[in-house]
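Thanks for coming. I have one structure to go through, so please look at it first.

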Amino acid sequence: MSLWAALAVTAAASAIGYYHSAGPRRRRLRARPFPPEWEAILMRNVALYRKLPQNLRAQLRGHIQVFLGEKDFEGCGGLVINDEIRLTIAGQACILLLNRPCRYFPGLNAILVYPRAYIQRARRQEGYIHFEDERQINLGESWSNGTLVLSWNDVANTAHDVRDGHNLVLHEFAHQLDTEDGVGDGVPLLEQQSKYFHWAEVLNREYQALVNLTRKHQKDVIQAYGATNPAEFFAVATEAFFERPVLLHRKHAELYQELRDFYQVDPETWNEAREQL
Ligand SMILES: [Zn+2]
């Protein structure tokens with residue numbers, strides 16, 4: 001049994017109880033009027049929002065209300081949290097919840113935002129990392145203790161360019177979905193137990209292909225960072241799914257279909273502009 005198949009068996013046991021009732025509090029939050037200045041921030045900062053069909057934009061605005069009503073934001077390193085920061089983060093994170101029986105990232109309580117990339121702390125979990133001047137610099141981290149850490153500079157930059165396959169918020173919140181079953185292993189909670197084996201089969205095959213390609217220093221529509229481990233592969237594949245859907249579908253049809261089945265949206269149909277490899 002492959003690693004991914006074993007992970008899928010474990011994860012399938014967690015599928016029961018996936019559906020959560022929305023609850024009256026969340027219904028009230030979703031029904032709150034959405035301030036025009038908030039929408040202006042989304043239009044200005046979140047390129048994916050501009051690509052969304054109108055019905056999904058409306059649904060997203062409701063999810064954002066719940067998200068902002070339930071999650072705490074904390075500025076770090078001198079950064080003062082404002083609506084622009086809150087909306088730019090929530091507006092992207094909640095794209096992962098569209099059309100799904102969502103639980104609003106139940107393991108997440110607080111989002112810590114630094115002005116820019118920050119020196120890595122001692123206890124890292126799944127994070128989005130790059131190296132610079134031989135020091136390890138973090139753009140973001142997703143912790144299992146209810147905290148997510150983001151660099152505002154990189155949030156803003158990766159939100160503006162919707163075609164390069166890099167999106168820090170989508171990446172870190174994909175890790176949040178992945179760890180809803182308690183384990184960050186590239187196998188999020190799926191709707192039905194019967195889906196786990198196909199998920200494991202497709203994602204394992206695609207992951208191994210990326211590992212082989214990366215060893216040969218060849219580029220793909222999926223970032224090489226996904227070859228780090230199955231958890232990073234899921235997070236990076238999520239970025240490609242939303243940011244380069246046409247290319248991902250053309251080059252990795254089964255993976256695209258698996259992610260479309262999971263995310264319950266089809267970003268390829270939103271596409272307006274040519275994507276960059
Ligand atoms: Zn990551």
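I start with Asn-99, which counts as exposed because 12 C-beta neighbours lie inside 10 Å. Asn-99 is not a glycine, yet has a positive phi of about 65°. Asn-99 is found in the loop between α6 (83-93) and β2.

Two remarks on provenance. This is a predicted model: local features need pLDDT of at least 70, side-chain atom pairs count only at pLDDT 80 or more, and totals for chains, interfaces and linings use all residues. Residues are numbered from 1 along each chain as its sequence is written.

His-217 also has a positive phi, about 60°, and is not a glycine. His-217 is found in the loop between α9 (196-215) and α10. His-217 is exposed, because 7 other C-beta atoms lie within 10 Å.

Now the chain as a whole. The protein chain has 12 helices and 6 strands; these are DSSP runs numbered from the N terminus, helices being H or I with at least four residues and strands E with at least two. Of its 277 residues, 44% count as buried. For contacts with a separation of 6 or more, 70% come from residues 24 or more positions apart, a contact being two C-beta atoms, placed from the backbone, within 7 Å.

Next, the strands. In β6 (residues 147-151), 4 of the 5 residues are buried. Strand β2 (residues 110-114) runs parallel to β6, and 5 bridges join them; pairing requires that DSSP find at least two bridges. Val-113 stands opposite Leu-150 in β6.

Last, a helix pair. How do the axes of α8 and α10 cross? The axes of α8 (residues 168-178) and α10 (residues 230-243) come within 8 Å and cross at roughly 130°, with axes fitted to C-alpha atoms over the stretch in contact and angles running from 0 to 180 degrees between N-to-C directions. That makes α8 oblique to α10, since oblique is what remains after under 35 degrees (roughly parallel), over 145 (roughly antiparallel) and 65 to 115 (roughly perpendicular). On the α8 side, the contact includes Leu-170, His-171 and Ala-174. On the α10 side, Phe-234, Glu-239 and Phe-242 are among the residues involved.

That is the end of my part; comments are welcome.

Definitions and conventions
Buried ≥ 20, exposed ≤ 12 C-beta atoms within 10 Å, placed from the backbone.
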